[in-house]
Amino acid sequence: MILYDYWRSSAAYRVRIALNLKGLEAEHRFVHLRRGEQRTEAHLALNPQGLVPALQLDGGAILTQSLAICEYLDETHPEPPLLPREPVARARVRAFAQAIAAEIHAVQNLKVLNRVKALGHPQEAANAWAHEVIAEGLAACEALLRDQPGPFCFEARPGLADIALVPQLYNARRFGVALEAMPRLLAAEAACRALPAFTLAAPERQADAE
């Protein structure tokens with residue numbers, strides 16, 4: 001497998017964690033988002049959205065969208081599972097992961113922030129936008145976990161929700177979001193950070209980290 005990756009992409013970070021949890025190896029090819037390499041003809045042929053990650057399977061098929069990739073890995077390599085077996089529990093985990101991927105990250109990623117600046121707003125205004133979106137979204141995520149015993153988000157082992165959470169907390173700190181009022185999220189993150197699957201996937205551990 002080949003993972004088209006960027007060290008600071010939280011979406012690619014999710015897939016790196018999933019690969020590690022499954023004990024799978026992939027060749028990493030780096031796509032520098034700040035230099036616009038995601039908009040080159042070669043990359044658009046892989047992912048017409050001009051995003052990372054993209055995962056090229058050994059047979060040549062290309063998968064995009066991080067949560068879809070994670071669920072593919074879970075379906076093809078079911079141990080350890082990333083989703084609970086019980087349908088309601090599975091739906092709750094998926095909802096939490098999508099709250100991050102579709103509601104928080106989707107409106108504070110690099111493409112959106114660049115569009116905020118293109119409308120004539122300074123970098124400070126773009127950063128303030130990201131800060132507000134992340135803080136509001138994570139407050140809701142904290143509430144979603146309030147009745148969950150832990151130590152991870154939903155179960156006694158890490159899963160799809162944790163894969164989404166840890167990269168988003170990395171982003172939160174980049175934008176100066178206060179996390180002290182989110183003890184349940186921080187507890188789940190601490191449990192994850194005790195595992196090599198998460199620490200080895202961290203942005204600063206990647207070969208293209210700046």
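How many residues does H7 have, and how far does H7 reach from its first C-alpha to its last? H7 has 15 residues and reaches 22 Å, close to the 21 Å expected at 1.5 Å a residue; the expected span is 1.5 Å times one less than the number of residues. Helices (H or I, at least four residues) and strands (E, at least two) are DSSP runs, numbered from the N terminus.

The model is predicted: local features need pLDDT of at least 70 and side-chain atom pairs count only at pLDDT 80 or more, while totals for chains, interfaces and linings use all residues. Residues are numbered from 1 along each chain as its sequence is written, and side-chain values use heavy atoms, with hydrogens and water left out.

The sheet comes next. It is open, has 4 strands in the order S2-S1-S3-S4, and its pairing is mixed; two strands pair if DSSP finds at least two bridges between them. Strand S2 (27-30) and strand S4 (62-64) are the edge strands, each pairing on one side only. From one strand to the next, the twist averages 25 degrees. Strand S1 (residues 2-5) and strand S3 (residues 54-56) run antiparallel and are joined by 3 bridges. Ile-2 has Gln-56 in S3 as its bridge partner.

Helix H1 (residues 10-22) packs on this sheet, touching S1 and S2, and its direction makes about 150 degrees with that of S1. Helix H3 (residues 66-76) also packs on the sheet; H3 touches S3 and S4, at about 125 degrees to the direction of S4. Contact means heavy atoms within 4.5 Å. Axes are lines fitted to C-alpha atoms, for helices over the stretch in contact, and angles run from 0 to 180 degrees between N-to-C directions.

Back at H7 (residues 160-174), its axis comes within 10 Å of that of helix H8 (residues 183-193), and the two cross at roughly 110 degrees. H7 and H8 are therefore roughly perpendicular to each other, a term for angles of 65 to 115 degrees. Leu-165 and Leu-169 of H7 are among the residues that make the contact, as are Leu-185 and Cys-192 of H8. Of the H7 residues, 13 of the 15 are buried, so the helix is largely enclosed by the rest of the structure; buried means under 20% relative accessible area (1.4 Å probe, protein chains only). After H7 comes Gly-176, with a positive phi near 70 degrees.

Ile-104 lies in helix H4 (residues 87-104) and counts as buried at 2% relative accessibility.

Conventions
Angles under 35 degrees count as roughly parallel, over 145 as roughly antiparallel, 65 to 115 as roughly perpendicular and the rest as oblique. Buried means under 20% relative accessible area, exposed over 50%, partly exposed in between (1.4 Å probe, protein chains only).
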